Amino acid sequence: MNTYLYNSFFPSPGLPDDQAVERIRELIHTLSPARVIVMRYLFSFLNHLSQYSDENLMYPYNLAICFGPT
């Protein structure tokens, strides 16, 4: 993924939430099907981890710190 597309996923400050969501939806539609599949798998995995946060101490904030930069 090129830098331009990466930066596009961060909405402009002050953009209403509904417009930001629509913008991200449009960007996802530009991705290849393989990338969308990997994203779905990753988000599913992170959701699964957060469901057991009482046991593994990986609360959503901790997950964001660990996986956000990557």
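I will walk you through the overall build of this protein and then turn to one patch on its surface.

Please keep in mind that what you see is a predicted model. Averaged over the protein, the pLDDT is 86, and 94% of the residues reach a score of at least 70. Among the elements, helix H1, which covers residues 3-8, has the lowest mean pLDDT, at 74, whereas H3 has the highest, at 91.

Let me go on to the fold. The secondary structure consists of 5 helices and 0 strands, so that, if you read from the N terminus, the order of the elements is α-α-α-α-α. The radius of gyration of the protein is 14 Å, well over the 11 Å that the globule rule gives for 70 residues, and therefore the protein is more spread out than a compact globule. Along the principal axes, the C-alpha atoms fill a box of roughly 35 × 30 × 20 Å.

What share of the 70 residues is buried? Buried residues account for 16% of them.

Tyr41, Leu42, Phe43, Phe45 and Phe67 together make a nonpolar surface patch of about 530 Å². Which element gives the largest share of this nonpolar patch? That element is helix H3, residues 33-51, which contributes 4 residues, and Phe43 is one of the residues found in helix H3.

Note on methods. Residues numbered from 1 in each chain as written. Predicted model: local features only at pLDDT ≥ 70, side-chain atom pairs only at ≥ 80, totals over all residues. Heavy atoms only, no water. Patch = residues over 30% accessible without salt bridge, like charges linked within 9 Å, V, L, I, M, F, W, Y side chains within 5 Å. Areas by Shrake-Rupley, 256 points an atom, 1.4 Å probe, with all protein chains shown as cover. Salt bridge = Lys/Arg side-chain N within 4 Å of Asp/Glu carboxyl O. Helix = DSSP H or I, 4+ residues; strand = E, 2+ residues; numbered from the N terminus. pLDDT = per-residue confidence, 0-100. Rg over C-alpha atoms; globule rule 2.2 N^0.38 Å. Buried < 20%, exposed > 50% of the residue type's maximum accessible area, 1.4 Å probe, protein only.
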